[in-house]
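Here are a few exercises to work through with the coordinates open beside you. Try each task on your own before you read its solution.

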Amino acid sequence: MTYLLTWSCYGLRVGYHPSRSVMAWRQTHLRCPPFRLSSMQRMAVLGTIRKYVDRKGLRLIAAHVRETHVHVIVESSGDPARLCSNLKAEATRHLRRCGLLPVGQLAWADNVNIRRLRTEQAVQTAFRYVVAKQGPPMALWHLPPELPLLIPLSDSSGPT
C-alpha cells in the first residue's frame, strides 16, 4: 500500500482553539522552544529518510523536508504509524549524532497525518502536492515523474 506521511516540527503548529487565551496558554507552555529545520538539518533528515527506507526494503516515491514539516510518500506493507514513528526517531537520532539538534530540544510534534493512497490517481495527486505545491523546493527527493508510481509489492500468497 502507498501512504503519504506528514509530520510537523515541534511547537510550530499549536492546535487551533477559538479562545485567544487558550491559544496563548498553549504557546507559552511548550516544553522547549519551537523548532525550525535549517538547510543543513533538512538535508540530514532527507538523507536519514532515504537510508532508512532503503535499509527496510521499502519503496520511496518522494520526500520533501521543509522548514516546518516533512512529507514522505512511501510504499509499505507494514503499519504506517509505526513507520512514521521510526522515521521521526531515526531523524532525531541522526540530528543529535551530527550535533545539529541540541540536547533537550524536541524536534517533532506528536501528531502525524497518514493518508492511504488507494488509487494511481491519488498517488499522482499526492506526488504533485509534495513535489510541486509546497513552494520553492527545500530538501527534496523523488522518483522521476515519467516512471509509473504504483508497482505492486510482492505478494507472498502467490504461487511458489
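The model is predicted, so local features need pLDDT of at least 70 and side-chain atom pairs count only at pLDDT 80 or more, whereas totals for chains, interfaces and linings use all residues. Residues are numbered from 1 along each chain as its sequence is written, and side-chain values use heavy atoms, with hydrogens and water left out.

**Exercise 1. The overall picture**

Task: Work out the secondary structure of the protein and the pattern it follows along the sequence.

Solution: 
- Step one is to list the elements, taken as DSSP runs numbered from the N terminus (helices are H or I with at least four residues, strands are E with at least two). The protein has four helices and five strands.
- Next, read along the sequence: the pattern is β-α-α-β-β-α-β-α-β.
- Then turn to burial, where buried means under 20% relative accessible area, exposed over 50%, and partly exposed in between (1.4 Å probe, protein chains only). Of the 160 residues in the protein, 40% are buried.
- Finally, look at contacts, meaning heavy atoms within 4.5 Å. Among contacts with a separation of 6 or more, 72% come from residues 24 or more positions apart.

**Exercise 2. Strand E2 and its partners**

Task: Find which strands pair with E2, and in what sense.

Solution: 
- Begin with the rule that two strands pair if DSSP finds at least two bridges between them.
- On one side of the search, E2 (residues 59–65) pairs with E3 (residues 69–75) in the antiparallel sense over six bridges.
- Now check the cover: seven of the seven residues of E2 are buried.

**Exercise 3. An aromatic pair**

Task: Search the whole structure for aromatic pairs and classify what turns up.

Solution: 
- The test uses rings of Phe, Tyr and Trp (its six-membered ring), with centres within 6.5 Å; planes under 30 degrees apart count as stacked, over 60 as edge-to-face and the rest as tilted.
- The search finds one pair. It is formed by Trp7 and Trp108, whose ring centres are 6.0 Å apart and whose planes stand at 90 degrees, so the pair is edge-to-face.

Task: Trace the salt bridges of Glu90 and describe the network they form.

Solution: 
- A salt bridge is a side-chain nitrogen of Lys or Arg within 4 Å of a carboxyl oxygen of Asp or Glu. The structure holds four of them.
- Start with Glu90 and Arg55, whose side chains meet at 3.6 Å, N to O. Glu90 lies in helix H3 (residues 80–97) and Arg55 in helix H2 (residues 39–55), so this pair ties together parts 35 residues apart in sequence.
- Glu90 also forms a salt bridge with Arg93, with the closest N and O atoms 3.1 Å apart. Both residues lie in H3, three residues apart, about one turn of the helix.
- Through shared partners, Arg55, Glu90 and Arg93 join into one network.
- Compare burial: Glu90 is buried at 18% relative accessible area, Arg93 is partly exposed at 43%, and Arg55 is exposed at 53%.

**Exercise 4. Helices H2 and H3**

Task: Check the span of each helix and list what covers its buried residues.

Solution: 
- The expected span is 1.5 Å times one less than the number of residues.
- H3 has 18 residues and should span 26 Å; its end C-alpha atoms are 26 Å apart, which agrees.
- H2, with 17 residues, reaches 24 Å from its first C-alpha to its last, close to the expected 24 Å.
- The cover of the buried residues in H3 includes E1, H2, E3 and E4; for H2 it includes E1, E2, E3, H3, E4 and E5.
- After H2 comes Gly57, with a positive phi near 75 degrees.
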